[in-house]
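Here's a quick tour of a protein fold, written for someone new to reading structures.

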Amino acid sequence: MQIASVSLQRVRLPLKEPFVTSFGIEDAREGIIVTVRTVRGGIGYGECVASMEPLYSEETNATAWHMLRDFFIPALQSHAYNSVQDLRDIRLKLAHFKRNKMAKAAIEMAIWDAYANESATPIATLLGGTRTEIPVGISIGIQPNLDTLIERVGYYVSQGFARVKLKVRPGFDFEPLRVIRESFPDMPLMADANSAYCLKDVRHLKKWDALNLMMIEQPLAHDDIMDHAKLQAELATPICLDESINSAEDLRKALEIGACRIVNLKVGRVGGFGEALAIHDRCREAGVDMWCGGMLESGIGRLHNVALTALPGFTLPGDTAPSARYFEEDLIQPAVTFLRPGVLAVEPLSGVASRVDQERLEKYTIQVAEVVSAR
Ligand code: OSB
Ligand code: MG
C-alpha cells in the first residue's frame with residue numbers, strides 16, 4: 001500500500017453537556033481528523049485525541065497539527081505498508097521524534113485504517129482481536145451537587161452501563177462516592193482523579209478503601225510512578241494508571257516498582273495501535289487487568305477504540321460509551337449504540353470510511369489543510 005495524500009481537518013463537535021474534571025471543563029470535542037488516501041483508492045481515517053488546552057497532557061490540537069504537518073506525515077507518507085508487521089513498525093519510524101503521542105497516533109491509526117480498507121480486512125482482525133462483544137462503563141464528570149449526581153448515576157445505571165466511573169477532585173470526592181455507594185451497594189464503581197492529589201493526601205485516600213471501589217485512577221502527578229508505588233503500598237484499593245503510562249517501557253517500570261495494579265490504555269495517549277499492542281501484550285503476560293479508556297472521541301476514534309477492545313487482554317469494562325452519551329450528532333452513521341444494555345458489538349468493519357458521514361464531517365470542520373505526498 002502506497003499513500004497518495006494525507007489531509008488534516010480540525011473539527012469541533014458540541015458536547016450535549018459540559019464534561020467537568022479536576023483539570024477543567026470541556027464543552028465541545030475539538031480534534032483533528034486525519035484522512036489518508038492510497039494510490040489504489042483506499043481511504044483511512046484517524047482521530048487525534050488532543051484537546052484545546054494542555055490540561056490532560058502537554059498536547060493541544062495546535063501542537064498536534066504542527067507535528068503532523070511538519071514532521072510525522074512527511075516521515076511516513078513515502079513508505080510502503082504491505083503487512084501487519086509494517087503497520088506495527090510505524091512507531092519505530094517515529095521513535096526518534098520525542099513524545100507528541102496523540103499526534104503520532106492520529107496518523108498511525110489512519111494508516112492502519114487505510115490498510116484495513118484497502119485489504120478489506122476488519123481492523124479488529126488486523127490487531128488480533130477475537131471478541132465480538134465488549135462491556136462498557138460510563139465516565140461521569142464532576143456534578144454541581146449530590147442530588148444531580150445521584151439522578152445522573154441512576155439514569156446511566158438504568159441504561160445498563162457495566163460500571164460507573166466518577167471524576168473526583170479535592171472537595172468532591174469521598175462524600176459523592178459514599179453517597180453513590182449507599183444508593184448502589186453492589187455496582188462496580190471507581191474514581192478518576194486526573195492527578196488531583198499528592199502523597200501527603202495518603203490518609204484521606206486510605207479512607208476510600210471503605211467504599212469497595214474497583215480502583216482509583218491516576219490519583220497523583222501525571223508524570224509520576226514513584227509516589228504512586230508508595231501510595232499503592234498503603235492502599236487496599238488498586239491504583240489504575242492513565243496519564244503516567246505513555247509507552248510499554250513506562251508500563252514495565254510502573255509494574256516493576258508496584259505503581260499500579262490496573263492499566264487504562266488509551267491508544268492516543270501511547271502513540272497508536274503499535275504501542276497499544278505492545279502494552280496489551282505486556283499486561284497479558286503479567287496478568288495485569290486492563291481496560292480501554294476514552295477521550296470523548298467522535299465516532300471515528302470511538303470505532304477504533306471498540307476494535308482495539310476486541311483483544312483478549314481488555315479484562316475490564318472500558319470508557320467507550322455509545323455516541324449518544326456525548327453528541328446530538330456524531331461524525332459517523334449509524335452511530336455507536338448498545339447491542340444490548342452495557343454491551344457494544346465489535347463490528348467487522350474494514351476501516352471506518354464506510355461509516356463516516358461526509359456532510360456532517362464538513363459541517364463540523366473548522367479548519368482544513370491538504371498535505372500532498374512528495375512521491
Ligand atoms: O482521564 O480518562 C480520563 C476524558 C477526557 C480526558 C481524560 C479522561 C476522560 C474521561 C472520559 O474519563 C472518557 C470518555 O467517556 O471518553
Ligand atoms: Mg483518566
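Let's begin with R282: at 29% relative accessibility, R282 counts as partly exposed (buried means under 20% relative accessible area, exposed over 50%, partly exposed in between, using a 1.4 Å probe and protein chains only). Keep in mind that this is a predicted model, where local features need pLDDT of at least 70, side-chain atom pairs count only at pLDDT 80 or more, and totals for chains, interfaces and linings use all residues. Residues are numbered from 1 along each chain as its sequence is written, chains are lettered from A and ligands numbered from 1 in the order in which they are written, and side-chain values use heavy atoms, with hydrogens and water left out.

**Around R282**

- You'll find R282 in helix α12 (helices, H or I with at least four residues, and strands, E with at least two, are DSSP runs numbered from the N terminus).
- Leaving aside residues up to four places away in sequence, R282 touches A248, E249, L251 and R252 (contact means heavy atoms within 4.5 Å).
- G272 sits ten residues from R282 in sequence, and their C-alpha atoms are 16 Å apart.

**Two packed helices**

- Helix α4 (residues 101–119) packs against helix α12 (residues 273–286) at an angle of about 90°, and their axes are 8 Å apart (axes are lines fitted to C-alpha atoms, for helices over the stretch in contact, and angles run from 0 to 180 degrees between N-to-C directions).
- That is why α4 and α12 are described as roughly perpendicular (angles of 65 to 115 degrees count as roughly perpendicular, under 35 as roughly parallel, over 145 as roughly antiparallel and the rest as oblique).
- On the α4 side the contact uses E108, M109 and W112, while α12 brings F273, G274 and L277.
- Sort the residues of this contact and you get four nonpolar, one polar and one charged (Ala, Val, Leu, Ile, Met, Phe, Trp, Tyr, Cys and Pro count as nonpolar, Asp, Glu, Lys and Arg as charged, and the others, Gly among them, as polar).

**The seven-strand sheet**

- Seven strands make an open sheet with parallel pairing, in the order β5-β6-β7-β8-β9-β10-β11 (two strands pair if DSSP finds at least two bridges between them).
- β5 (138–140) and β11 (289–292) are the edge strands, each pairing on one side only.
- Strand β6 (residues 164–167) pairs with β7 over four bridges, and V164 stands opposite L189 in β7.
- β7 is covered on both faces, with L189 and A191 buried on one side and M190 and D192 buried on the other.

**The magnesium ion**

- D192 (OD), E217 (OE) and D242 (OD) coordinate the magnesium ion (ligand 2) at 2.0 to 2.3 Å (donors are N, O and S atoms within 2.8 Å of the metal, or 3.2 Å for Na, K and Ca; water is not among the atoms, so sites may look incomplete).
- D192 belongs to strand β7 (residues 189–192) and E217 to strand β8 (residues 216–217), so this pair ties together parts that are 25 residues apart in sequence.
- Both D192 and E217 are buried.

**The four-strand sheet**

- The order here is β3-β2-β1-β13, in an open sheet with antiparallel pairing.
- β3 (43–48) and β13 (365–372) are at the edges with a single partner strand each, so one side of each has no neighbour in the sheet.
- Strands β1 (residues 3–21) and β2 (residues 24–38) are joined by 14 bridges, and R12 has E30 in β2 as its bridge partner.
- Helix α1 (residues 61–76) lies across β1, β2, β3 and β13.
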